[in-house]
Amino acid sequence: MMKKKLIINNGVFITLDSKENPVRTGCMIIEDGTITFIGETLPAEEIPEEAEVVDAKGRWVLPGLANTHGHTGSTLLRGAGDDDLPVMKWLETVMWPAEKNFTEEITKAGNALAIGEMLKSGTTAFLDMYHLHMNTTAELVEKSGLNAVLCRGMIGLCPGHEQQGKLNEATALYHDWHNKADGRIRVMLSPHAPYTCPPSFLEMIVDRAQEHGIALHTHLAENRKEVEEHIRQYGKRPGLHLDEIGFFDGNALIAHGVHLAEEELDLFARKGVKISHNPVSNLKLGSGIADVPGMRKRGISVSLGTDSTASNNNLDMFEEMKVSALIHKGASEDPTVTSAFDTLKSATEEGMKALGFMNKGKLAAGYDADFIFLDRTGFHALPDKPERALSHIVYSLKGSDVTDVFVKGKMLVKDRELLTLDEEKIRADAKQAI
Ligand SMILES: [Zn+2]
């Protein structure tokens with residue numbers, strides 16, 4: 001069978017090869033969903049008549065963005081109970097009571113709204129931790145064409161047989177969906193947090209993960225109070241406690257990591273624990289500022305996540321990039337601790353690795369053709385010079401500057417319109433569901 005060929009012509013490609021040479025101009029060839037060539041001039045023999053050619057004039061071409069922590073099921077709680085509450089009080093008085101009444105229709109409407117919002121703002125892979133209707137989410141991801149890591153979130157503040165039931169559901173999700181949808185869906189096991197899961201339950205989850213070789217994901221050290229309470233109850237810091245349980249013996253990604261001690265950061269560097277940095281959610285809930293410069297200095301993989309719309313309140317990774325680049329400069333009174341280059345790496349290559357998509361996140365031969373087009377003609381994108389591209393993307397652009405989105409060479413968004421999902425239906429369902 002003839003290979004399907006796609007050529008992206010006249011592009012300015014953000015390849016992030018090195019800090020000195022992060023941008024290349026020219027063209028990119030894609031065969032059966034994989035990038036096979038990227039260079040200045042198209043080799044003449046590479047243009048067969050049947051190839052589809054897309055003109056990227058006036059666009060930056062960037063690897064698709066990875067949002068490494070969120071909860072799409074609660075998307076319809078955007079703006080609900082925004083009364084400036086700390087995390088625990090917010091969960092107990094706003095989130096959990098509302099979610100008790102969530103039907104499959106409500107979560108599905110939330111999933112679709114989130115997936116649509118992410119697609120239109122250039123996210124091509126996301127992690128979703130939620131405790132309801134994850135099979136429906138998986139079906140929607142399959143249909144949308146996106147990549148996702150799905151986790152059936154588990155809260156262990158319940159009797160043993162209920163804990164067991166949750167773990168069995170999470171394992172079934174793995175067996176039903178891991179590596180499915182042409183490898184676009186992956187599954188991790190995800191206890192909600194050490195403060196909502198007793199050690200005995202965490203041990204059960206770690207055993208199950210090790211038995212099947214499943215990666216683990218959890219919230220960790222999001223706010224100071226939760227860490228102090230953990231130390232009071234168990235006599236040790238939660239990161240060290242999780243290590244004792246074996247949580248970091250396989251692949252593990254933790255969300256937040258705002259209040260980690262030096263020895264926990266050293267441990268994570270040693271064990272290759274990856275961190276999803278969620279600066280906007282951490283600021284909004286008054287949780288604090290994670291030591292990202294300290295993480296990077298130790299070589300820890302740092303990616304970016306929005307967390308849910310209930311604590312952000314959007315899923316725009318451009319906003320997340322900008323805030324993550326800025327807060328550490330301000331907090332440390334040192335503008336050199338973050339850079340546009342490192343921030344873009346976190347949002348692309350590091351994020352994809354954190355999600356276990358080892359073949360994504362880079363515009364280079366051999367990688368999956370997951371990429372986005374950014375409009376270079378907006379007033380806030382001018383003057384348009386190649387050496388200013390990274391700065392423009394991190395500090396000036398927004399999700400609404402994304403015009404086209406491709407995953408494995410398949411176009412999912414064209415001229416800012418969704419091709420795989422019905423935008424009007426998503427809008428109507430979101431209004432009606434809640
Ligand atoms: Zn979260």
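Predicted model: local features only at pLDDT ≥ 70, side-chain atom pairs only at ≥ 80, totals over all residues.

User: At what angle do helix 12 and helix 13 pack?

Analyst: Axes are lines fitted to C-alpha atoms, for helices over the stretch in contact, and angles run from 0 to 180 degrees between N-to-C directions. Helices (H or I, at least four residues) and strands (E, at least two) are DSSP runs, numbered from the N terminus. Here, helix 12 (residues 317-332) and helix 13 (residues 340-354) have axes 10 Å apart and pack at an angle of about 140°. Helix 12 is therefore oblique to helix 13; angles under 35 degrees count as roughly parallel, over 145 as roughly antiparallel, 65 to 115 as roughly perpendicular and the rest as oblique.

User: Which residues of helix 12 and helix 13 meet?

Analyst: Contact means heavy atoms within 4.5 Å. On the side of helix 12 are M317, M321, S324 and A325, which meet T343, L344 and A347 in helix 13. By class, this contact has 5 nonpolar, 2 polar and no charged residues. In that scheme Ala, Val, Leu, Ile, Met, Phe, Trp, Tyr, Cys and Pro count as nonpolar, Asp, Glu, Lys and Arg as charged, and the others, Gly among them, as polar.

User: How do the axes of helix 8 and helix 9 cross?

Analyst: The axes of helix 8 (residues 238-245) and helix 9 (residues 262-271) come within 9 Å and cross at roughly 40°. P238, G239, L240 and D243 in helix 8 meet E263, E264, L267 and K271 in helix 9. The residues of this contact divide into 3 nonpolar, 1 polar and 4 charged.

User: How many aromatic pairs does the structure hold?

Analyst: A pair of aromatic rings is described by the distance of the centres and the angle of the planes. Rings of Phe, Tyr and Trp (its six-membered ring) pair if their centres lie within 6.5 Å; planes under 30 degrees apart count as stacked, over 60 as edge-to-face and the rest as tilted. The structure holds 5 aromatic pairs. One of them, F247 with F248, is edge-to-face, at 5.6 Å centre to centre and 75° between the planes. The rings of F373 and F406 have centres 5.5 Å apart and planes at 50°, so this pair is tilted. It links distant parts of the chain, with F373 in strand 14 (residues 371-375) and F406 in strand 15 (residues 402-407), 33 residues apart. Ring pairs also link F247, F248 and F268 into a cluster.

User: Is A310 buried or exposed?

Analyst: Buried means under 20% relative accessible area, exposed over 50%, and partly exposed in between (1.4 Å probe, protein chains only). A310 counts as buried because its relative accessibility is 1%. A310 lies in the loop between strand 13 (302-304) and helix 12. Not counting residues up to four places away in sequence, A310 touches L77, R78, D82, W90, M95 and K284.

User: Where is S287 placed?

Analyst: S287 is in the loop between helix 10 (279-284) and helix 11 (292-297). With a relative accessible area of 5%, S287 is buried. Leaving aside neighbours within four places in sequence, its contacts are V87, E222, N223, V258, H259 and N282.

How values were computed:
Residues numbered from 1 in each chain as written. Heavy atoms only, no water.
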